[in-house]
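Q: I have a model open here and would like to talk it through with you. Could we go piece by piece?

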Amino acid sequence: MKIILLGAPGAGKGTQATRISEKYGITHISTGDIFRANIKQGTEIGKLAKSYIDAGKLVPDSVTCEIVKNRLAEDDVKDGYLLDGFPRSLYQAEELSKFADIDLCLNFEVDTDLLMDRICGRRVCSCGESYHISTLNGATTCAKCGKQLYRRDDDNPETVKARLDTYNVMTAPLIAYYSAQNKLASVKCGNGTPEEVFKAVCEILDKYGK
Ligand code: AP5
Ligand code: MG
């Protein structure tokens, strides 16, 4: 299956992507993770992306669309993939439709007043696992792989506010865009736990697969 994970910053796209990928064996592609890997490696793409990410803005479409197009041409995604964080604008969605035929767009509907706390309390691991300080009980290492947890540079209140504004203006219109194509499935997360949200996701995916 070719699936888009849509949702505001902190909606739980990455958290659910890990679970979906493990259960259904679908490759997880996160444009945010790709940019952060480039920043870490000091590539030209990383240098360019960093200024936009730190400001809570979208990295230019020319760069982002090219990265995704190349990634989707690789062998390991022939049978499907989870796109986490792409597309993020109507322009990107139109570009995507030129080189991919998406089956489903899962839209994570979360109470917006939860997002700031979720993101600012997030701690991540380089293995892809993500936690919140409220459930870490003081732990500073990853329960899955033992590596040191860290806070993303863009997880500070000022940048999060800009990211939420960018989402509302640029990304939210994609809900209507995929709904008009009958490809939208809403996951009503409310304030449900990651496990409860995953149960709702599985119900949608299992129904879709039948
Ligand atoms: P990206 O890395 O995609 O960040 P984002 O969209 O802002 O989303 P997040 O990763 O912050 O949130 P998430 O939904 O994955 O939530 P998570 O599961 O971690 O993009 C970063 C930047 O890269 C962008 O700002 C942009 O600059 C650039 N970029 C990326 N893609 C681009 C594109 N296509 N075009 C242009 N630029 C692009 O969960 C968050 C926290 O909540 C965690 O602590 C988690 O443990 C917790 N949590 C999750 N679910 C629950 C739950 N149900 N209950 C309680 N806590 C929960
Ligand atoms: Mg994420």
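**Gln16 and its surroundings**

A: Leaving aside neighbours within four places in sequence, Gln16 is in contact (heavy atoms within 4.5 Å) with Phe108, Pro194, Val197, Phe198 and Val201. This is a predicted model, in which local features need pLDDT of at least 70 and side-chain atom pairs count only at pLDDT 80 or more, while totals for chains, interfaces and linings use all residues. Residues are numbered from 1 along each chain as its sequence is written, chains are lettered from A and ligands numbered from 1 in the order in which they are written, and side-chain values use heavy atoms, with hydrogens and water left out.

Q: Where does Gln16 sit, and is Gln16 buried or exposed?
A: Gln16 lies in helix H1, where helices (H or I, at least four residues) and strands (E, at least two) are DSSP runs numbered from the N terminus. Gln16 counts as buried because its relative accessibility is 2%; buried means under 20% relative accessible area, exposed over 50%, and partly exposed in between, with a 1.4 Å probe and protein chains only.

Q: Changing topic, which residues come nearest to ligand 1?
A: Thr15, Lys57, Arg88, Arg122 and Arg163 come nearest, out of the 33 residues around ligand 1, a residue being near if one of its heavy atoms lies within 4 Å.

Q: And which elements supply that shell?
A: Helix H1 (13-24), helix H2 (31-41), strand S6 (130-132) and helix H10 (194-209) each supply at least two residues of the shell around ligand 1, and H2 gives the most, with 4 residues.

Q: How does the shell divide by residue type?
A: The shell around ligand 1 has 11 nonpolar, 13 polar and 9 charged residues. Here Ala, Val, Leu, Ile, Met, Phe, Trp, Tyr, Cys and Pro count as nonpolar, Asp, Glu, Lys and Arg as charged, and the others, Gly among them, as polar.

Q: What do the oxygen and nitrogen atoms of ligand 1 reach?
A: An oxygen atom of ligand 1 lies 2.8 Å from a polar backbone atom of Gly10, and a nitrogen atom is 2.9 Å from an N or O atom in the side chain of Gln92. A nitrogen atom of ligand 1 is also 3.3 Å from a polar backbone atom of Pro194. The protein covers 93% of the 1100 Å² of accessible area (Shrake-Rupley method, 1.4 Å probe; for residues, only the protein chains shown count as cover) that ligand 1 has on its own.

Q: Back to H2: what about Asn38?
A: Asn38 is placed in helix H2, and its side chain reaches the backbone oxygen of Ile34 at 2.8 Å. Asn38 counts as buried because its relative accessibility is 14%, and, neighbours within four places in sequence aside, Asn38 is in contact with Thr43, Ile45 and Gly46.

Q: And which residues does Tyr178 touch?
A: Not counting residues up to four places away in sequence, Tyr178 touches Ile4, Pro87, Ala93, Leu96, Cys105, Lys183 and Leu184. Tyr178 is found in helix H9 (residues 173-180) and is buried, with a relative accessible area of 3%.

Q: Last one, how many helices and strands does the protein have, and what share of residues counts as buried?
A: The protein has 10 helices and 7 strands, and 44% of its 210 residues count as buried. Residues 24 or more positions apart account for 71% of the contacts with a separation of 6 or more.

How values were computed. A polar contact is a pair of N or O atoms within 3.5 Å; within protein, one must be able to donate a hydrogen and the other to accept it, and residues adjacent in sequence count only if both atoms are side-chain atoms.
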